[in-house]
Amino acid sequence: MTISVRKVAAAAALSAALTASLAGCGGSGTPDAGREARLGTPAASAPAASAPGSAAPSPSPSSGAPGAPLAGAPGKAPTLAPGPDGLTPVFERARQHTDRTVALTFDADMTSDQGPRAAGGERFDNPQLISTLRTLKVPSTIFMTGRWAEEYPDQAKSIGTDPNFEIANHSYSHHAFTSPCYGLPALDGAAARADVDRAFAAFRQAGAVNTVPYFRFPGGCYDDPALRALSTAKVTAVQWDVVSGDAFAKDPDAVAEQVLAGVKPGSVVVMHCTRSAAPVTEEAIRKIVPELRKRGYRFVKVSELIGT
């Protein structure tokens, strides 16, 4: 694929226009103090020692711990060691920057109060995207909300029993874990911790077994109290270094070119698995995957990046 300067500039403008809504996928709100964290940078209050990749990998929690892989999963996924004072570690990009690997991640967003919209016909799923990832044989990590798994249990089970995919936790409710965060309702520490457990329970109820102990903050917004609230969940928080700009985008070429312009060895790309809020993602993937393979990139799940 030839990347034109004009289209890259257009993609950058699109991304800027969509900054407030990217992670919310349909949520309202305007840019605020959560923007730094949402773009993959720890909030100002987070210590440098808890930055992505600063801790050495450690074994994932035992199968009896909250957030641990369920019985029947392909294997224990690697996690990062806790940060200072036991804070939840944060991963953004692989420390090994020479291997041409890249992880495509997809947020399956649905908030706890969007049931009526789904009942009215709005589609928060994207089965064609999942089918294309299978056809193209692209290992992927799906950051799923518990509410999404409840709305689409058959799809959650299908994704969560396919070795091509791993399911990570994107909260149950898609409410914010710190405030302000793009207008998302905020949870306090105890409610945030319970929200994570509720999401893992929804995955189990749906029959998904390929779950991993990774968590993505709604909106990408977090601070020290949020990291502390999740410390007992034994999860690794996963951010990203490449913003696809697919939320509410109408031009798949612009999305594809923005991703292709941003990917580096070890990158984590954030995209969406939500038809109503990211309608051109599947088409963009059909452009992104062959071009990155032509450039020598290999697609991996987040667990492989963290394990390197």
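Q: Where is the place of phenylalanine 143, and how should I read such a location?
A: In this predicted model, phenylalanine 143 lies in strand E5, where helices (H or I, at least four residues) and strands (E, at least two) are DSSP runs, numbered from the N terminus. Residues are numbered from 1 along each chain as its sequence is written, and side-chain values use heavy atoms, with hydrogens and water left out. As the model is a predicted one, local features need pLDDT of at least 70 and side-chain atom pairs count only at pLDDT 80 or more, while totals for chains, interfaces and linings use all residues.

Q: Is phenylalanine 143 buried or exposed?
A: Phenylalanine 143 has a relative accessible area of 0% and is therefore buried, a term that means under 20% relative accessible area, with exposed meaning over 50% and partly exposed in between (1.4 Å probe, protein chains only). With neighbours within four places in sequence left aside, its contacts (heavy atoms within 4.5 Å) include Thr105, Phe106, Asp107, Ala168, Tyr214, Val238 and Val302. Of these, valine 238 is 95 residues apart from phenylalanine 143 in sequence, yet the two C-alpha atoms are 9.5 Å apart in space.

Q: Which residues lie on each of the faces of E5?
A: In a regular strand the side chains alternate between the two faces of the sheet. In E5, Ser140, Ile142 and Met144 are on one side, while Thr141 and Phe143 are on the other, and all are buried, which leaves both faces covered.

Q: How many bridges join E4 to E5, and how many link E5 and E6?
A: Two strands pair if DSSP finds at least two bridges between them. Strand E4 (residues 101-108) runs parallel to E5 and is joined to E5 by four bridges, with aspartate 107 having phenylalanine 143 as its bridge partner. E5 and E6 also pair in the parallel sense, over five bridges, and here threonine 141 stands opposite glutamate 166 of E6.

Q: Why does threonine 101 count as buried?
A: Threonine 101, which is found in strand E4, counts as buried because its relative accessibility is 5%. Beyond its neighbours within four places in sequence, threonine 101 is in contact with residues including Lys264, Pro265, Tyr297, Arg298 and Leu305.

Q: What should the 18 residues of helix H7 span?
A: At 1.5 Å a residue, helix H7 (residues 189-206) should span 26 Å, and its end C-alpha atoms are 26 Å apart, which agrees; the expected span is 1.5 Å times one less than the number of residues. Among the buried residues of H7 are Arg193, Asp195, Val196, Phe200 and Phe203, and the buried residues pack against elements including strand E5 (140-144), strand E6 (165-169) and helix H8 (224-229). After H7 comes glycine 207, whose phi is positive, near 95°.

Q: At what angle do H9 and H10 pack?
A: Two packed helices are described by the angle between their axes and the distance between the axes. Helix H9 (residues 252-262) packs on helix H10 (residues 281-294) at an angle of about 35°, and their axes are 8 Å apart; axes are lines fitted to C-alpha atoms, for helices over the stretch in contact, and angles run from 0 to 180 degrees between N-to-C directions. The contact involves residues including Val255, Ala256 and Val259 of H9, and Ala284, Lys287 and Ile288 of H10.
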